[in-house]
Amino acid sequence: MTPSTSLSVHQLGFFEHNGFLWLDAITTPDEVAELRVIYDGLFDSSAGRDEGSRYELGEHLPQLIEPSRYAPELQETQYVANARAIATQLFGDDLEPEFGEHMIYKPPRVGSETPWHQDQAYHDPGLRYRNVNFWLPLDDATVESGCMQFVPGSHRLAVVPHRHVGDDPNMDALEVDTDAFDRDAVACPIPAGGCTMHASYTLHYAGPNRSETPRRAYILVFRATAVPLDTPIDAYWQRESHVS
Ligand code: NI
């Protein structure tokens, strides 16, 4: 598939300065319609259950890791081609060929929030990750339905303290252990088929789905080679006992 979009110099500068960006379209309306069918088929099936790649991120927040294992046609989309092209603009030769993918479903009215976090808080504390996440909604994403929100410039911060959600080490989800950032957040409502992008250190959040429509999100993660840190991050929340 040939890429059909690229970032302008202005957009590249915005991403570098703010650590996030949004696009009104990263794929076509026709492909969005096709992706909805694939997405619903996967969540209606038992895909990923036996392999442990299908689980609840939180209450009413099912996630499917590596959806293209179950629907290989997902590797050949305009979305993937465009995201790869944009990641190449950002990272050049440092871009790794493999990319990550997952789908998160927030059902109408009950889909819970994704708390404030930096993705790096989940990662190997001995490495500085240089990922770019593409977050594509298959439904119009509004503040009410749980669109993405970001703290501009937070990608230049160190990793801030995190804790397991609810201070429960059995919860996989992490949240920032301070409330100093939310007030500076920028919400990014985007139409179905648009996307947001963010970096590994960018503080981000998605609200609960209080709307009457589902919020189906399909995320791709492209990576530049991670850099070993002389002094590892003190990710003490990763050392807390984890029963499961
Ligand atoms: Ni995240």
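Guide: Gladly, and a definition comes first: two strands pair if DSSP finds at least two bridges between them. Helices (H or I, at least four residues) and strands (E, at least two) are DSSP runs, numbered from the N terminus. This is a predicted model, where local features need pLDDT of at least 70, side-chain atom pairs count only at pLDDT 80 or more, and totals for chains, interfaces and linings use all residues. Residues are numbered from 1 along each chain as its sequence is written, and side-chain values use heavy atoms, leaving out hydrogens and water.

Visitor: Which residue in E4 is the bridge partner of Leu64?

Guide: Let's start from strand E2 (residues 54-56), which pairs with strand E3 (residues 62-65) in the antiparallel sense over 3 bridges. E3 is also joined to strand E4 (residues 95-106), again antiparallel, by 3 bridges. In E4, the partner facing Leu64 is Met103.

Visitor: Which residue takes a positive phi in the hairpin of E2 and E3?

Guide: Across this pair of strands, Tyr55 stands opposite Gln63 in E3. The hairpin has 5 residues between the strands, and the one with a positive phi, near 55°, is His60.

Visitor: Which strands stand at the edges of the open sheet, each with a single partner strand?

Guide: The open sheet has 4 strands with antiparallel pairing, in the order E5-E12-E7-E10.

Visitor: Does Leu127 count as buried, partly exposed or exposed, and what is its relative accessibility?

Guide: Leu127 lies in strand E6 (residues 127-137). Leaving aside residues up to four places away in sequence, Leu127 touches Gln120, Ala226, Val227, Pro228, Leu229 and Ile233, where contact means heavy atoms within 4.5 Å. Buried means under 20% relative accessible area, exposed over 50%, partly exposed in between (1.4 Å probe, protein chains only). Leu127 therefore counts as partly exposed, at 23%.

Visitor: How far apart in space are Leu127 and Thr231?

Guide: In sequence, Leu127 and Thr231 are 104 residues apart. From C-alpha to C-alpha, their distance in space is 9.3 Å.
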